[in-house]
Amino acid sequence: MGVRRGLGSIVLAIGLLCAWGATFVYLSQLSLLKPGRLAQASTTLIHNSAVRGALTNALTTSLTPLLGSTLNIPTGTFHTIIDQAVANPAVQTAFAASMNQAQEHLLGASNGPIVLGGSAFSQVVAAGVVPFSSTAASTIAQQGISITIPGSALPNIGSYARNAHKIEKLLLSLAIICVIIALIIHPSRGSVIRRIGFWMIGMAFGNALIFWFIPTYLLPQIGFSWAQILAIVLRAVSGPATSFYVVLLGLGVIVAGLGQAIKKFA
């Protein structure tokens, strides 16, 4: 009896681990792997103070070689240039394209540098620089300028993205098989069913923590652009997945109660 209980518990643990993996892959397909997520969120991102601050620093770095070390340009000037740039519809479109490129990099479809540039951006920068250096402003207007978008160099997970659906199906199949085997081996089916119910409840809260609480309340407090981009990506799934959390929580309560009843009256 003890051997069956121990073996059944091990098999069940493996099954629940596979089920967790399948759930995570499913939710990642709604957020990280869904094309266009970052582009859709570009308006929110470009008006975020942390992202603007990162763009300002990137602009300062790019302009320093053109302006030289002898010019004393107030830091506020660079902030003003970025504020004027992001208010320009053409620059907003260019930023959205950059965010789309960032996601393509994430999905393994692109590996080039992710920058913000274009004619409209260059003209705004040139106009902001001309009071301090007409030569640099002329160079920028004619040759153009682009800045690297900090935080947009997301890791390449193209291999995972291409195989996510297969991975989800495999993990789900393994989870079902392990649960069935655990129900057969374990001497107390009620205990197995109750554990499954508690797992479902825990998964509901765990996924809500990852895809809702952290991007809504924690990441926005971090003053780095990468944190804001990650928050947008994770928060994008919180809406579509809300019903998933609720259903999983409800089913978990029912299954845990059923397992307890079976254990009590078996």
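I176 has its place in helix α9, which covers residues 158-185; helices (H or I, at least four residues) and strands (E, at least two) are DSSP runs, numbered from the N terminus. The model is a predicted one, in which local features need pLDDT of at least 70 and side-chain atom pairs count only at pLDDT 80 or more, while totals for chains, interfaces and linings use all residues. Residues are numbered from 1 along each chain as its sequence is written, and side-chain values use heavy atoms, with hydrogens and water left out.

With a relative accessible area of 46%, I176 is partly exposed, a class that lies between buried (under 20% relative accessible area) and exposed (over 50%), with a 1.4 Å probe and protein chains only. Together with L172, I180 and I184, I176 makes a nonpolar surface patch of about 380 Å². Patches are made of residues with over 30% relative accessible area and no salt bridge, where like charges are joined within 9 Å and nonpolar side chains (Val, Leu, Ile, Met, Phe, Trp, Tyr) within 5 Å; a salt bridge is a side-chain nitrogen of Lys or Arg within 4 Å of a carboxyl oxygen of Asp or Glu.

## Two aromatic pairs

The structure holds two aromatic pairs. In one of them, the ring centres of W20 and F24 are 5.8 Å apart and the planes meet at 20°, so this pair is stacked. Rings of Phe, Tyr and Trp (its six-membered ring) pair if their centres lie within 6.5 Å, and planes under 30 degrees apart count as stacked, over 60 as edge-to-face and the rest as tilted. W20 and F24 are four residues apart in helix α1 (residues 2-30), which means that about one helical turn separates them. Both side chains count as partly exposed, W20 at 38% relative accessibility and F24 at 29%.

The pair of F213 and Y217 is tilted, with 5.5 Å from centre to centre and 40° between the planes. F213 and Y217 lie in helix α10 (residues 189-218), again four residues, or about one turn of the helix, apart. F213 is partly exposed at a relative accessible area of 38%, and Y217 is partly exposed at 45%.

## The whole chain

The protein chain has 12 helices and two strands, and from the N terminus on its elements run α-α-α-α-α-α-β-α-α-β-α-α-α-α. Its radius of gyration is 26 Å, well over the 18 Å that the globule rule gives for 266 residues, so the chain is more spread out than a compact globule; this radius is taken over C-alpha atoms, and the rule is 2.2 Å times the number of residues to the power 0.38. Along the principal axes, the C-alpha atoms fill a box of roughly 85 × 30 × 30 Å.

Of the 266 residues in the protein chain, 42% are buried.

T56 belongs to helix α4 (residues 49-67) and is buried, with a relative accessible area of 2%. Not counting residues up to four places away in sequence, T56 touches F78, H79 and I82, where contact means heavy atoms within 4.5 Å.

C178 is found in helix α9 and counts as buried at 13% relative accessibility. C178 and G8 are 170 residues apart in sequence, and 9.0 Å apart in space from C-alpha to C-alpha. Leaving aside neighbours within four places in sequence, C178 is in contact with V11, I14 and G15.

Note on methods. Areas by Shrake-Rupley, 256 points an atom, 1.4 Å probe, with all protein chains shown as cover.
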